Amino acid sequence: MTVLIEPIRREQDAKIRAIIKAVGAEFGAVGEGFGPSDPEVDAMSEHYIADTKSLYLVATLDGKIVGGCGLAPFNNSEQVCELKKLFLLPESRGLGLGKTLSEQCLSFAAAQGFNACYLDTLSSMTSAIKLYEKLGFEHLDKALDGTEHGKCDVWMLKQL
């Protein structure tokens, strides 16, 4: 098994968009207020390559794109970033890819000078929540002000 993790390239946009939409639908994240409906999903590379404080990593397994994870400033903050759009196809789950992608994004965040990382997700994404807890994210009582994802029901923050 060959795993490659690299920053997103423009030619990967369509495959990543399809994965984000499919996995989002699998967990009921369809429509406004959920990450898969964000405008950036249509052209992920444009949003992550242009901003030097943002990063979206793509995971390839034996030559097939199986998912990705990103990091960007939260609501234009200099101090708080957001772990974004960690979506993996079913066949690539349980291999540690989510952990690897998240850890690389968090290392990038620390190098950019962020002091905290926020995320929001759904309570139905139990495996992701367990991963985030192992990575040191702590549960919040409510979303941070300025979140785009009003339909998410789990909010977490990690000090970097």
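On a 1 Å grid laid over the protein atoms alone, a pocket is an open set of points with protein on both sides within 12 Å along at least five of seven lines, whereas a cavity is a set of points where a 1.4 Å probe fits but cannot get out; lining residues have an atom within 4 Å of a point. Grid points are joined across faces, edges and corners, and a volume is the space filled by probe spheres set on the points.

The structure described here is a predicted model, in which local features need pLDDT of at least 70 and side-chain atom pairs count only at pLDDT 80 or more, while totals for chains, interfaces and linings use all residues. Residues are numbered from 1 along each chain as its sequence is written, and side-chain values use heavy atoms, with hydrogens and water left out.

**The chain as a whole**

The chain contains four helices and seven strands, where helices (H or I, at least four residues) and strands (E, at least two) are DSSP runs numbered from the N terminus. Their order along the sequence is β-α-α-β-β-β-α-β-α-β-β. The radius of gyration, 14 Å, is close to the 15 Å that the globule rule gives for 160 residues, so the chain is as compact as a globular protein of that length. This radius is taken over C-alpha atoms, and the rule is 2.2 Å times the number of residues to the power 0.38. Along the principal axes, the C-alpha atoms fill a box of roughly 40 × 30 × 30 Å.

Of the 160 residues, 51% count as buried; buried means under 20% relative accessible area, exposed over 50%, and partly exposed in between (1.4 Å probe, protein chains only). Contact means heavy atoms within 4.5 Å. Among contacts between residues at least 6 apart in sequence, 65% join residues at least 24 apart.

**Pockets and cavity**

The table sets out the spaces by volume and by the classes of their lining residues. Ala, Val, Leu, Ile, Met, Phe, Trp, Tyr, Cys and Pro count as nonpolar, Asp, Glu, Lys and Arg as charged, and the others, Gly among them, as polar.

| Space | Volume | Lining residues by class |
|---|---|---|
| Largest pocket | About 490 Å³ | 10 nonpolar, seven polar, four charged |
| Second largest pocket | About 310 Å³ | four nonpolar, seven polar, five charged |
| Largest cavity | About 240 Å³ | 11 nonpolar, three polar, four charged |

The largest pocket is lined by 21 residues, and those nearest its centre are Leu88, Arg93, Ser127, Ala128 and Leu131. Strand E4 (80-88), helix H3 (97-111) and helix H4 (126-134) each supply at least two residues of this lining, and H4 gives the most, with six.

The second largest pocket has a volume of about 310 Å³. It is lined by 16 residues, of which Ala72, Pro73, Asn75, Lys84 and Glu148 are the closest to its centre. Helix H2 (44-49), strand E3 (64-73) and E4 are the elements that give two or more residues to that lining.

One cavity of 30 Å³ or more is counted. The largest cavity is lined by 18 residues, with Gly35, Lys85, Phe87, Asp120 and Thr121 closest to its centre. E4 and strand E5 (116-121) each give two or more residues to this lining, and the largest share, six residues, comes from E4.

**A loop residue**

Gln79 lies in the loop between E3 and E4. This residue is partly exposed, with a relative accessible area of 44%. Leaving aside neighbours within four places in sequence, Gln79 is in contact with Phe114, Asn115 and Ala116.
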